[in-house]
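This briefing sets out selected features of the structure shown below, grouped by topic for use in computational work.

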Number of protein chains: 2
Amino acid sequence: MINIKALFFDVFGTVVDWHGSIQNESQIFSQEISQEFDTFLFTDKWRAGFRRLQSSVANGSRDYLTMDEIHMEILEELIDEFDLKNISSTDKQKFNHSWHRLKPWPEVILGLNQLKNNRVVSTLSNGNLSMLNKLSKNTKLPWDCIVSTEFFGTYKPNKEVYIGAANLLNLHNSQTMMVAAHAYDLDAAKLTGMNTCYVYRPDEFGIGKGEDPGDVSRFDLVVNGFDEIEEEIVKKYE
Amino acid sequence: MINIKALFFDVFGTVVDWHGSIQNESQIFSQEISQEFDTFLFTDKWRAGFRRLQSSVANGSRDYLTMDEIHMEILEELIDEFDLKNISSTDKQKFNHSWHRLKPWPEVILGLNQLKNNRVVSTLSNGNLSMLNKLSKNTKLPWDCIVSTEFFGTYKPNKEVYIGAANLLNLHNSQTMMVAAHAYDLDAAKLTGMNTCYVYRPDEFGIGKGEDPGDVSRFDLVVNGFDEIEEEIVKKYE
């Protein structure tokens, strides 16, 4: 019998609905500045720009920037690209902090609280600790601890991250489970001996725009939300 | 105006009453094994043995051991020294886990919840993450995040720890406050620019056996419990 003692959660896309939240904040911003723009496209480009710049930092071609700084740099680019005029620095700052206010998917808090009764629930995200902390505090996510890949000086899907996270909790990888809406993350976790739980997030990139993970039978659990995980763990492992 | 955005808390002695808790668990253990011994002395020696062995690990004269392993090694020594007979390994294990069940001082949860409304509350302890996690989970301590000196590969009062902790939250040290019942910890924090809050714990080493911190006017705040901190911060800084 395997005892799943701790679950590690990917955050952006898996726990929080970044696309819906940012598009919503973009619509509010559009009203506040009284200028219309394509908020769906804006949202996609903000996230894509973040990923691009984060990669430049990760591969050393840019100096270290915090996630807030990266978001602001991309925001400035997009303000130019979408030809938005006369935006005050206060408005920019407030809009940039949208990324601290991303809403959890509806069943997340319930599911985490169910799991938390018998197990440790932790993040395992490429977001840095200060960002994860702000996000978690603003949305009252009930983590037992916040683990960031920042602690290991590298990013997912580097295997050191999954090994390091289990080590920090003094557990074998086989006593832990990685939960994510992204197949690449789980495939990497599995190679280190972690159990895996794939969560469908069919609206991650906008309504009806989810990931195609391929054949999901390679994952230990497959669920439609966090509120199914505890029951599935008990059914499969206990 | 200084805005105290995050507070870092020492844990053993400051947040939790290790002496009272371990002496209480020792009394229960004594009854369970039907053998009497000096539980006050036993408690002192368990903690002192831990500190001694932790130092050996820290200075490299012993290989790495988890805190649980250290506690067990000292427990085995004390079982010999106090001449306790026929202790099953299950009983030993259960007794050793007393260190995961240390009780918070009475006003701690209230105080942390008050502070948490406007600020980040985090540990900054020499305890490793898995230990801090178990302890915090068992006693429902409402941390926003758990920071351990383990993340920096060294121990308090090394200045890297205080600088690293503020960095992780993307704050200047002057925006943070170290809270401890131990002057050496606050003196070190102060040297890195952190604000300091001394908490009197007059019973840390048993009833009436607290630390003498010397002249406390060198600390920014001096309180009798966590329930005074929020008000004192507002009075002094805001």
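A residue is termed buried when its relative accessible area is under 20%, exposed when it is over 50%, and partly exposed in between. The model is a predicted one. By that cut-off, Asn86(A) counts as exposed, because its relative accessibility is 80%.

**Interface of chain B and chain A**

- The contact between the chains involves 17 residues of chain B and 17 residues of chain A.
- About 1,600 Å² of area is buried between chain B and chain A, and carbon and sulfur atoms contribute 58% of this area.
- Two salt bridges are found across the interface of chain B and chain A. In the salt bridge between Lys137(B) and Asp144(A), the closest N and O atoms are 2.7 Å apart.
- Eight residue pairs are in polar contact across the interface of chain B and chain A, with both residues at pLDDT 80 or more.
- On the side of chain B that touches chain A, α6 (129-138) and β3 (145-148) of chain B each supply at least two residues. The largest share of that side, four residues, is provided by α6(B).
- Sorted by class, the side of chain B that touches chain A comprises eight nonpolar, four polar and five charged residues.

**Salt bridges within the chains**

- Over all chains, the structure holds 36 salt bridges.
- One of them joins the side chains of Asp10(A) and Lys156(A), at 3.0 Å from N to O. Asp10(A) is in the loop between β1 (6-9) and α1 (18-32) of chain A, and Lys156(A) is in the loop between β3 (145-148) and α7 (159-168) of chain A, so this pair ties together parts that are 146 residues apart in sequence.
- Asp10(A) and Lys156(A) are both buried. Together with Asp185(A), Asp10(A) and Lys156(A) are linked in a network of salt bridges.
- A salt bridge also connects the side chains of Arg101(A) and Glu25(A), at 3.0 Å from N to O. Because Arg101(A) lies in the loop between α4 (89-96) and α5 (108-116) of chain A and Glu25(A) in helix α1 of chain A, the pair ties together parts that are 76 residues apart in sequence.
- Arg101(A) is partly exposed, at 27% relative accessibility, whereas Glu25(A) is buried, at 14%.
- In chain B, the side chains of Lys235(B) and Glu232(B) form a salt bridge of 3.2 Å, N to O. Lys235(B) and Glu232(B) both belong to helix α9 (residues 229-237) of chain B and are three residues apart, about one turn of the helix.
- Lys235(B) is exposed, with a relative accessible area of 58%, while Glu232(B) is partly exposed, at 24% relative accessibility.

**Cysteines**

- The structure contains zero disulfides over all chains. Cys145(A) takes part in no disulfide, and the nearest cysteine sulfur, that of Cys145(B), is 10 Å away.
- For Cys197(A), the closest cysteine sulfur is that of Cys145(A), at 18 Å, which is too far for a bond.
- Cys145(A) counts as buried, at 2% relative accessibility, and Cys197(A) also counts as buried, at 0%.

**Backbone geometry**

- Lys156(A) and Pro157(A) are joined by a cis peptide bond with omega of about 10°. Pro157(A) is located in the loop between β3 and α7 of chain A.
- In chain B, a cis peptide bond joins Lys156(B) and Pro157(B), with omega of about 10°. The loop between β3 and α7 (159-168) of chain B holds Pro157(B).
- Asn86(A), a residue other than glycine, has a positive phi near 55°. Asn86(A) is placed in the loop between α3 (67-81) and α4 of chain A.
- Asp83(B), likewise a residue other than glycine, has a positive phi near 60°. The loop between α3 (67-81) and α4 (89-96) of chain B contains Asp83(B).

**Surroundings of Ser56(A)**

- Ser56(A) lies in helix α2 (residues 39-58) of chain A and counts as buried, at 18% relative accessibility.
- With residues up to four places away in sequence left out, Ser56(A) touches Ser61(A) and Arg62(A).

Conventions
Residues numbered from 1 in each chain as written. Chains lettered and ligands numbered in written order. Predicted model: local features only at pLDDT ≥ 70, side-chain atom pairs only at ≥ 80, totals over all residues. Heavy atoms only, no water. Disulfide = S-S within 2.5 Å. Buried < 20%, exposed > 50% of the residue type's maximum accessible area, 1.4 Å probe, protein only. Contact = heavy atoms within 4.5 Å. Buried area = accessible area lost by both parts, 1.4 Å probe. Salt bridge = Lys/Arg side-chain N within 4 Å of Asp/Glu carboxyl O. Polar contact = N/O pair within 3.5 Å; in protein donor to acceptor, adjacent residues only side chain to side chain. Nonpolar A, V, L, I, M, F, W, Y, C, P; charged D, E, K, R; others polar.
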